[in-house]
Amino acid sequence: MAHDPHTAVTNEPDDGAITLATEQEAVLQPPSEGTEGQAQHSTGEGLEHVEGYRRPEHFAPEAWTAPTASLPDIGEASYGPPPLAPETVHGPDDRIQITNTSVYPWRVHCYLLITARDNALYQGTGWLLGPHTLATAGHCVYIKGSGVAGRDGWVKSIQVMPGRNGASLPYGSITCTSFRSVTGWTTNGDENFDYGAIITPSNIGSTTGWFGFGVWSDSDLLKTTGNISGYPGDKPPGTQWYAARGIDSVAPRKVYYDIDTAGGQSGSSVYRIDSTGRYGFGIHAYGGARVNSGTRFTTPVFNNYVAWKA
């Protein structure tokens, strides 16, 4: 039987604890606005309502002190330093800072302080899609091809900080050591399978809320507004930034867009908004000279996340 690159793997000793849902027709997993604090309404036009932002027309917390240092993007661990010229902001920088990060949906986005096996520190982004599960890029939880002895493999731990805003941690920081990905990434290092999950030891998502997620056709995605918010490394440390644009193109396992991002946003949700809420359809993972890209939610990806959020 051919090896399935969507085969789920974990850093925990008993792989048998992972039970995949059987292949099923894709259905939406619903979002939640959580039980605490305010929620913000969207514009009704498929993007978030942020004062001053216009979509471009072209194309149980722990006590923790937020780190103040600028950390390298977790992508550098697997792919090395980026070129000197920025490649992920296309044309004018359309990103806008979010400061009310304790409000839904911004509190769903989480700053990740990642400690590799050799104790090197990196930053990334994740987003809650259930009470105790974050989606993120595979390279945020499993490092490939660093060339540094003792660095490759499952990361040692990740501090998850929902809705971080600089030095402010409205929901504290949670130490996480339970991770998921698939063999297409951990064994093959294939960017088409660059997705993973972080399992939190508490149900922080019940407080903050979470995004739904789903699988859509090519034609649906191509007329969708993509929204991304996360923690870019070229901005003040730990600050959250948002941008939105249309989807440029799609491939069987990837989505492409010219939504402005930067290193540090690996693992961000690429999401759409409709009358029933916010739904992730991609996981941002790569910058590019003309467009950026993320791993697309297909039926196997969807099924893995349904199992990981159980």
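The accessible surface of the protein chain comes to about 12300 Å², and carbon and sulfur atoms account for 52% of this area. The model is predicted. Of the 310 residues in the chain, 59% are buried. The secondary structure consists of six helices and 18 strands.

Eight of the strands form an open sheet with antiparallel pairing. Their order is β1-β10-β11-β5-β4-β3-β8-β9. Strands β1 (8-10) and β9 (174-176) are the edges, and each pairs on one side only. Neighbouring strands of the sheet are turned by 30° against each other on average, direction ignored. Helix α6 (residues 299-308) packs on this sheet. The helix touches β1, β4 (121-130), β5 (133-136), β10 (178-182) and β11 (196-199). Its direction makes about 10° with that of β11.

Val160 stands opposite Ile174 in β9.

Thr183 belongs to helix α3 (residues 183-186). Its relative accessibility is 8%, so Thr183 counts as buried, the cut-off being under 20%. Beyond its neighbours within four places in sequence, Thr183 is in contact with His3, Asp4, Pro5, Thr7, Val9 and Asn188. With Asp4, a polar atom of the Thr183 side chain lies 3.4 Å from the backbone oxygen. Asp194 is 11 residues from Thr183 in sequence, and the C-alpha atoms of the two are 9.6 Å apart in space.

Terms used: Residues are numbered from 1 along each chain as its sequence is written. This is a predicted model: local features need pLDDT of at least 70, side-chain atom pairs count only at pLDDT 80 or more; totals for chains, interfaces and linings use all residues. Side-chain values use heavy atoms; hydrogens and water are left out. Helices (H or I, at least four residues) and strands (E, at least two) are DSSP runs, numbered from the N terminus. Buried means under 20% relative accessible area, exposed over 50%, partly exposed in between (1.4 Å probe, protein chains only). Accessible areas come from the Shrake-Rupley method with a 1.4 Å probe; for residues, only the protein chains shown count as cover. Two strands pair if DSSP finds at least two bridges between them. Axes are lines fitted to C-alpha atoms, for helices over the stretch in contact, and angles run from 0 to 180 degrees between N-to-C directions. Contact means heavy atoms within 4.5 Å. A polar contact is a pair of N or O atoms within 3.5 Å; within protein, one must be able to donate a hydrogen and the other to accept it, and residues adjacent in sequence count only if both atoms are side-chain atoms.
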